[in-house]
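Here are a couple of exercises to work through with the model open beside you. Try each one yourself before you read the solution.

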Amino acid sequence: MGIDKELAILFADVVGSTQLYESLGDDSARETVQLCVDCMKAATLEFGGDVIKTMGDEVMSTFATADDAINAASKMQQKISAGNFSGKDDVHVAIRIGCHYGHVVVEERDIFGAAVHTANRMTSQAKAGQIITTAGTVELLSDEWQSVVRQIGVATLRGQSGEVGLYEVLWQP
């Protein structure tokens, strides 16, 4: 039986990894993606999060607070946007991040529930270099983070009824 918890769920993934494989070749692309995944995992741990799993070019993490999740997301974006992960000046790597705070069931180092699906859907709404979250998550953020969040639209998320507000966290200084 699982344990019920409220957590911030974060998904981060490398944008355009298929194109990376085409432009860098299999070995170099795999190494580039792995460097990005390692960076995302390190940022998760730095802000007290747990890496739940990695799936190819994506990391799923949880955090006790919304601020911890957004701090980690911001660190991921800063490191990957500033770094030369591909080793080539003309091949840039970007990530997109989705986050949602909500109720999950924790079971054997994995998490389940509607909040997980919502966080994943936020990722699919994000473009390269974006951190996208929900109104409920924004409400839990510190004043400092709330001051750099803007609503960018609404979306009907697959498998859910009603619309969800989409909020972008402006992470660049």
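**Exercise 1.** In which loop is the place of Glu108?

Some ground rules before the solution. This is a predicted model, where local features need pLDDT of at least 70, side-chain atom pairs count only at pLDDT 80 or more, and totals for chains, interfaces and linings use all residues. Residues are numbered from 1 along each chain as its sequence is written, and side-chain values use heavy atoms, with hydrogens and water left out.

*Solution.*
- Glu108 sits in the loop between strand S4 (94-107) and strand S5 (110-112); strands are DSSP runs of E with at least two residues, and helices are runs of H or I with at least four, numbered from the N terminus.
- Check the backbone: Glu108 isn't a glycine, yet has a positive phi of about 50°.
- Glu108 counts as exposed because its relative accessibility is 78% (exposed means over 50% relative accessible area, with a 1.4 Å probe and protein chains only).
- Arg109 lies in the loop between S4 and S5 too, with a positive phi of about 60° although it is no glycine.
- Arg109 has a relative accessible area of 54%, so it is exposed.

**Exercise 2.** Describe how helix H1 meets helix H2.

*Solution.*
- The axes of H1 (residues 17-24) and H2 (residues 26-46) come within 7 Å and cross at roughly 140°; axes are lines fitted to C-alpha atoms over the stretch in contact, with angles from 0 to 180 degrees between N-to-C directions.
- Now list the contact (heavy atoms within 4.5 Å): Ser17, Leu20, Tyr21 and Leu24 in H1 meet H2 residues including Asp26 and Arg30.

Technical notes. Buried means under 20% relative accessible area, exposed over 50%, partly exposed in between (1.4 Å probe, protein chains only).
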